[in-house]
Structures are given as C-alpha cells and as structure tokens.
Number of protein chains: 2
Amino acid sequence: MIGRLNHVAIATQDVAAASEVYRGAMGAKVTEPQDLPEHGVRVVFVELPNTKVELLEPLGENSPIAAFLAKNPAGGLHHVCYEVEDIEAAAAQVAAGGARVLGPPKIGAHGKPVVFIHPKDVSGVLTELEQV
Amino acid sequence: MIGRLNHVAIATQDVAAASEVYRGAMGAKVTEPQDLPEHGVRVVFVELPNTKVELLEPLGENSPIAAFLAKNPAGGLHHVCYEVEDIEAAAAQVAAGGARVLGPPKIGAHGKPVVFIHPKDVSGVLTELEQV
C-alpha cells in the first residue's frame with residue numbers, strides 16, 4: 001500500500017536559522033520560508049533528489065508542533081509521510097491491521113487528503129499518509 | 001553537497017513486531033531481520049520506491065541505540081542519512097559550515113564510509129552522511 005516516502009518533517013524553533021545549516025554546512029537546495037497559517041506552521045523545504053525534508057516552525061497560538069517543541073526545545077524529527085493512492089482505502093487497511101488512525105482524512109499542508117497514524121502503533125513514530 | 005536521502009532509521013525494542021505493522025497495516029515490502037553484531041543492531045529494511053526505512057533493534061551489550069531506547073522506550077525516529085560523493089570532503093564542508101562532525105569517517109552498517117553530525121547543530125536531528 002504505502003508508496004514513496006513523501007517527506008520527513010523536522011520541527012525547529014527557527015526555520016530560517018535551521019535552513020542555513022542545510023544550505024551552508026550541508027550544501028542542500030532549500031526554499032524560502034513560507035507561512036501556512038491555516039496549518040499553524042512556517043515551512044522550509046530541503047529539496048533532495050529523491051524526496052524532501054520539511055523544516056517546520058510553529059506559527060500562531062495553536063500550532064500542532066508547539067507541544068513537541070515544548071518537550072524537545074532543540075527541535076527534532078517530528079513525523080514521516082508516505083504516499084498512498086486512495087486515502088480512504090489506506091485508512092481502512094491501517095485500522096484493519098490494528099493501528100489507530102487519528103480521525104477521518106482531512107486536507108493537509110500540501111492541499112491533499114491526509115491521515116495520521118498513532119505513533120504508539122508505529123514504533124513510536126508519528127506517521128502521515130498522503131493521497132497523491 | 002548532500003544527495004539522496006539514503007534512509008530514515010527508526011529505533012524499536014523489537015524489529016520483528018515493528019515490521020509486522022509496516023507489512024500488514026501499511027502494506028510495505030519488508031526484509032527478514034538481519035543481525036549486524038559488529039554494529040550492535042538487528043535490522044529490518046522497509047523498502048520504498050524512492051528510499052528505505054531501517055528498523056533497528058539493540059543487539060548485544062553496547063548497542064549504539066540502547067541509550068535512545070532507554071529515553072524513548074516506545075521507540076522513535078533515531079536518525080536520517082544522506083548520501084555524499086566524498087566523505088572526507090563532506091566532513092570538511094560540514095565542519096567549515098560550523099556544525100560538529102562526530103569523529104573521523106568510519107565504516108558504517110552498509111560497509112561504506114560514514115560520519116555523523118551532532119544533532120544539536122542540525123535541528124536536533126542525528127544526521128549521518130554516507131559515501132556512496
């Protein structure tokens with residue numbers, strides 16, 4: 001079912017500073033910071049040949065990454081996202097396989113339907129599925 | 001400098017159980033568990049079309065992931081690995097860019113030269129570079 005690794009998301013207090021490390025010390029291609037207020041994050045994409053890394057900074061009062069950064073003030077790996085062809089079928093297969101799907105599909109930060117799987121059911125890793 | 005995302009590594013107490021979730025609930029192709037005693041891990045590869053996820057279980061007394069699992073008993077994202085063409089040049093560029101390289105290159109779990117970058121210098125993420 002799961003296809004490509006769409007992205008790895010890294011939470012940080014400051015995407016501008018974080019992206020400088022990827023651009024400078026690691027020589028990667030990074031985008032300019034972009035605000036996604038409806039998703040509560042400011043994002044920078046680190047564009048790799050086969051996938052991308054998303055650097056996420058909290059934006060606004062109710063950012064979904066605020067709690068993670070309160071526990072991990074230095075930042076850290078936040079979630080991974082895999083592509084699926086059909087989000088409803090994927091969510092059903094995950095649930096049938098005994099892993100908890102966190103709510104019905106909603107529109108994610110890329111404008112596509114997504115669901116998240118409970119980290120405790122996937123080796124402690126918050127896991128997103130995105131219909132592409 | 002950095003090229004493809006070679007892998008995302010996830011630490012878990014039990015790769016056999018963890019891999020069943022990837023195989024069953026998520027429908028991914030996973031390998032049989034493989035012991036790498038010289039690296040202190042048992043590993044399962046989740047093979048995706050564009051990269052791979054490595055599920056790592058501690059093996060032996062001095063496993064490099066034991067401390068992580070003591071802090072994160074449910075498992076979690078452990079590190080990410082990017083490909084580079086020349087490990088010595090890459091390590092020099094990282095250091096020149098102000099990030100700390102953890103020791104000289106050594107041979108990693110795939111039999112290729114690797115270095116790690118201090119997580120505090122890369123958004124809290126333990127970052128491996130592998131010469132391919």
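In the predicted model, the lining of the second largest pocket is made up of 12 nonpolar, 6 polar and 4 charged residues. The space within this pocket amounts to about 390 Å³. Its lining comprises 22 residues, of which A:His39, A:Pro64, A:His79, A:Ala109 and A:Phe116 are the closest to the centre. Six strands of chain A each provide at least two lining residues, namely S4 (41–47), S5 (52–58), S6 (76–84), S7 (106–107), S8 (113–117) and S9 (127–131). Among the contributors to the lining, S4(A) supplies the largest share, with 3 residues.

With regard to annotation, an unreviewed UniProt entry assigns the feature "domain: VOC" to residues 4–132 of chain A.

Helix H3 was examined in both chains. In chain A, where H3 spans residues 87–96, the buried positions include A:Ile87, A:Ala90, A:Ala91 and A:Val94. When H3(A) is viewed down its axis, the buried residues fall within an arc of 100°, and they therefore line one face of the helix. In general, an α-helix has 3.6 residues a turn, so residues three or four places apart point the same way. The packing partners of the buried residues of H3(A) are S6, S8 and S9 of chain A. Strands S6, S8 and S9 of chain A also each supply at least two residues of the lining of the second largest pocket. The exposed residues A:Glu88 and A:Ala96 are carried on the face of H3(A) turned away from the buried side.

In chain B, helix H3 likewise covers residues 87–96, and B:Ile87, B:Ala90, B:Ala91 and B:Val94 are buried there. These residues lie on the same side of H3(B), because the arc that they cover around the axis is only 100°. The elements covering the buried residues of H3(B) include strands S6 (76–84), S8 and S9 (127–131) of chain B. Exposed residues B:Glu88 and B:Ala96 are located on the other side of H3(B).

Most residues other than glycine have a negative phi. A:Ser123, although not a glycine, adopts a positive phi of about 55°. The loop between S8 and S9 of chain A contains A:Ser123. The relative accessibility of A:Ser123 is 11%, so the residue counts as buried, given that the limit for this class is under 20%. In chain B, phi of B:Ser123 is also positive, with a value near 55°. B:Ser123 is situated in the loop between S8 and S9 of chain B, and it is buried at a relative accessible area of 9%.

B:Ala109 occupies the loop between strand S7 (106–107) and strand S8 (113–117) of chain B. With a relative accessible area of 38%, B:Ala109 is partly exposed. When residues up to four places away in sequence are not counted, B:Ala109 touches B:Leu36 and B:His39. The C-alpha atoms of B:Ala109 and B:Val15 are 16 Å apart in space, while the two residues are 94 residues apart in sequence.

The contact partner B:Leu36 belongs to strand S3 (residues 34–36) of chain B. B:Leu36 counts as buried, its relative accessibility being 13%. Apart from neighbours within four places in sequence, the contacts of B:Leu36 are B:Val41, B:Val43, B:Leu59 and B:Ala109. B:Leu36 and B:Val53, 17 residues apart in sequence, are 16 Å apart from C-alpha to C-alpha.

Finally, B:Ser19 is part of helix H1 (residues 15–23) of chain B. B:Ser19 is buried, with a relative accessible area of 2%. Its contacts, leaving aside neighbours within four places in sequence, are B:Val30, B:Val44 and B:Leu55.

Conventions: Residues numbered from 1 in each chain as written. Chains lettered and ligands numbered in written order. Predicted model: local features only at pLDDT ≥ 70, side-chain atom pairs only at ≥ 80, totals over all residues. Heavy atoms only, no water. 1 Å grid on protein atoms, 1.4 Å probe; cavity = no way out; pocket = protein on both sides within 12 Å on 5 of 7 lines; lining within 4 Å. Points joined across faces, edges and corners; volume = space filled by probe spheres on them. Helix = DSSP H or I, 4+ residues; strand = E, 2+ residues; numbered from the N terminus. Nonpolar A, V, L, I, M, F, W, Y, C, P; charged D, E, K, R; others polar. UniProt positions renumbered as here; feature names shortened; annotations may be inferred. Buried < 20%, exposed > 50% of the residue type's maximum accessible area, 1.4 Å probe, protein only. Contact = heavy atoms within 4.5 Å. Arc of directions from axis to C-beta.
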